[in-house]
Amino acid sequence: MPRMNLFTEIRTLVTAELGAMTEAGDLPAGLDLSAVAVEPPRDPAHGDMSTNAAMVLAKPSGKPPRAIAEALATRLAADPRISSAEVAGPGFLNLRLRPAVWQGMVATILQAGDAYGRSTIGAGQKVNVEFVSANPTGPMHVGHVRGAVVGDALARLLAYAGWNVTREYYINDGGAQVDVLARSAFERYREAHGLEPEIREGLYPGDYLIPVGEALKEKYGDSLLDKGEQYWLSDVREFATEMMMQMIREDLAALGVEMDVYSSEKALYGTGKIEAALDRLQEMDLIYEGVLEPPKGKTPEDWEPREQTLFRSTAHGDDVDRPVKKSDGSWTYFAPDIAYHYDKVTRGFDQLIDIFGADHGGYVKRMKAAVAALSAGRVPLDIKLIQLVKLWKNGEPFKMSKRAGTYVTLRDVVEQVGADVTRFVMLTRKNDAALDFDFDKVLEQSKENPVFYVQYANARINSVLRKAREQGMDVADGTLATADLDRLDHPAEIALIAKLAEWPRLVEIAARTNEPHRVAFYLHELASELHGLWNRGNDEAGLRFLQDDPVVSQAKIALARAVGVVICAGLGILGVTPVEEMR
RNA sequence: GGCCCCGUAGCUCAACGGAUAGAGCGAUCCCCUCCUAAGGGAUAGGUUGCAGGUUCAAGUCCUGCCGGGGUCACCA
């Protein structure tokens with residue numbers, strides 16, 4: 001494979017030289033090199049790359065860091081890729097690469113295309129990303145959007161980094177809320193027959209159930225009208241739930257999200273799966289009958305000691321043990337969720353990721369405890385909590401209220417601002433930071449809007465390619481890759497290439513930390529470099545992409561196109577369509 | 001009260017345990033006969049909430065405080 005990740009390539013060089021130093025007796029044998037890093041320095045004055053090898057190895061080798069650094073520097077400087085290696089600060093080794101190495105990256109990127117930045121660190125491991133998992137009782141609203149976007153982008157990111165990814169939605173169709181749905185739908189069914197619906201307190205009043213009522217009429221005629229609830233509840237529940245899920249699938253599709261697997265909570269009941277999961281825990285002595293202490297601090301007024309079936313989650317890091325059965329003997333919500341996660345473990349996933357709303361934070365420890373126990377610690381579960389999205393409209397906070405009818409659905413958002421903008425904006429914050437979503441600002445075409453800013457960079461690149469094509473130049477990637485890239489010798493151009501060289505490394509870091517927002521931030525930085533170089537072309541004609549000399553021009557266009565390749569790859573991970581032109 | 005998350009420039013936020021903590025907005029100033037200025041550059045702005053600790057190195061890890069939010073047994 002050609003050089004893809006320049007940082008891992010140089011790290012390999014560094015560790016090889018460290019090995020040689022060991023053989024030469026300059027370093028003791030058996031050193032742990034895992035902490036040796038090669039990374040881009042924050043300050044460009046510190047070179048192209050720096051390594052902490054000398055500082056990390058000073059103590060275990062019993063040698064002063066600067067001595068190690070100097071010996072290593074001498075060796076590295078002999079490599080044809082390295083132009084200088086300087087010891088700095090407390091023992092950093094700052095490396096500069098020869099221009100040809102950077103210039104060669106442009107050809108690498110053009111040849112690799114979409115594959116540039118793809119990684120194998122996932123090693124084909126199976127990872128399950130569970131996200132959205134909204135109750136099937138209505139359309140998706142804005143609160144669900146962020147989780148949907150983060151989950152989907154994370155799934156794309158992990159796939160890009162070499163994981164075998166399954167996107168999964170857990171349908172909460174086993175609890176009381178789907179009974180409420182059924183009763184609400186039944187009223188709409190009566191309405192479809194010309195009767196006055198009785199939307200009592202506690203039922204779902206939304207108009208979206210009217211079509212469900214009509215569909216029920218179509219299917220059942222008037223045969224349910226005079227029947228008691230026990231007669232129709234189960235059928236109507238199933239029917240309405242299916243229609244809700246159909247709607248949710250369409251909502252997700254409108255946002256560009258496609259699940260691989262929909263798992264039903266209800267389907268776990270009566271199959272013995274819940275019992276089987278709890279039996280497993282029982283075998284480990286993690287299930288017992290007991291009475292919980294009242295919560296520390298404030299005790300609820302209606303608190304009463306109750307004997308329940310409890311999961312000893314404290315054995316795996318939780319603060320208190322958690323009930324899996326209610327006092328009437330039925331399962332709590334937690335029990336089927338344990339079974340569901342056990343199911344994921346037995347399906348052979350090497351890693352599980354759950355995307356939850358921040359209000360489910362209290363659920364994290366018990367879920368991790370359950371997975372730790374049921375997988376014997378083999379399968380890590382990472383739970384990402386998604387913070388609130390605050391809506392803004394006309395410069396002021398927009399309050400959602402079901403009663404006032406100011407209920408903003410996913411569809412509303414996608415129809416008003418588009419899936420691409422929605423997705424990008426949702427990834428402009430870390431998952432655990434609250435996010436403002438301003439309906440007016442996200443559509444603004446200015447540099448304040450990161451979506452636009454990145455798209456504009458790509459549009460400029462396409463503009464250059466278009467102009468070049470008009471001049472009769474062959475701008476196919478394969479041709480551009482053969483350009484005289486050593487003409488890209490200006491520091492500003494090298495700096496832009498260096499930014500491109502960070503892409504594979506960024507992908508790996510983002511994937512390892514399960515943080516897709518890093519991709520959005522990187523794209524913003526890359527766009528900024530591109531805009532900067534572009535504008536310098538205003539003052540220095542020699543920095544414009546289109547030049548009179550066709551050889552020089554081709555090289556510069558190759559660079560522009562390489563930036564475009566990475567922007568498109570990054571947007572692809574975010575699930576955002578690149579635009580060719582701003583209109 | 002217990003637990004979880006957050007606390008970084010006036011504002012909104014970045015920063016795989018690395019060096020002199022970075023962007024954008026806002027403020028002051030500058031750059032359009034030139035590939036889309038829908039952009040760019042410069043200046044000012046900081047004890048990373050406080051106090052300890054671990055480390056060669058802490059915004060980042062640990063402990064304790066302070067402040068904000070979330071959550072707290074038979075809801076899902």
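Student: What is the relative accessible area of aspartate 285?

Tutor: Aspartate 285 has a relative accessible area of 48% and is therefore partly exposed. Buried means under 20% relative accessible area, exposed over 50%, and partly exposed in between (1.4 Å probe, protein chains only). Please note that this is a predicted model, in which local features need pLDDT of at least 70 and side-chain atom pairs count only at pLDDT 80 or more, while totals for chains, interfaces and linings use all residues. Residues are numbered from 1 along each chain as its sequence is written, chains are lettered from A and ligands numbered from 1 in the order in which they are written, and side-chain values use heavy atoms, leaving out hydrogens and water.

Student: Which value does phi take in aspartate 285?

Tutor: Most residues other than glycine have a negative phi. In aspartate 285, phi is positive, near 60 degrees. Aspartate 285 belongs to the loop between helix H9 (273-283) and strand S8 (287-291). Helices (H or I, at least four residues) and strands (E, at least two) are DSSP runs numbered from the N terminus. Alanine 376 also has a positive phi, near 55 degrees, and lies in the loop between helix H11 (364-374) and strand S12 (381-386). With 69% relative accessibility, alanine 376 counts as exposed.

Student: How is the packing of helices H13 and H14 described?

Tutor: Two packed helices are described by the angle between their axes and the distance between the axes. Axes are lines fitted to C-alpha atoms, for helices over the stretch in contact, and angles run from 0 to 180 degrees between N-to-C directions. Here H13 (residues 419-426) and H14 (residues 450-470) pack at about 115 degrees, with axes 9 Å apart. H13 is therefore roughly perpendicular to H14, a term for angles of 65 to 115 degrees. Val421, Phe424 and Val425 of H13 meet Pro450, Val451 and Val454 of H14; contact means heavy atoms within 4.5 Å.

Student: Which residues have the most contacts inside the largest nonpolar core?

Tutor: In soluble globular proteins, nonpolar side chains tend to be buried together. A nonpolar core is a set of buried Ala, Val, Leu, Ile, Met, Phe, Trp, Tyr and Cys residues joined through side-chain atoms within 4.5 Å. The largest one here has 133 residues, and Phe437 and Trp503 have the most contacts inside it. Helix H19 (residues 550-574) gives the most to this core, 14 residues. Another core, of 32 residues, lies apart from it and includes Tyr340 and Met367.

Terms used
Angles under 35 degrees count as roughly parallel, over 145 as roughly antiparallel, 65 to 115 as roughly perpendicular and the rest as oblique.
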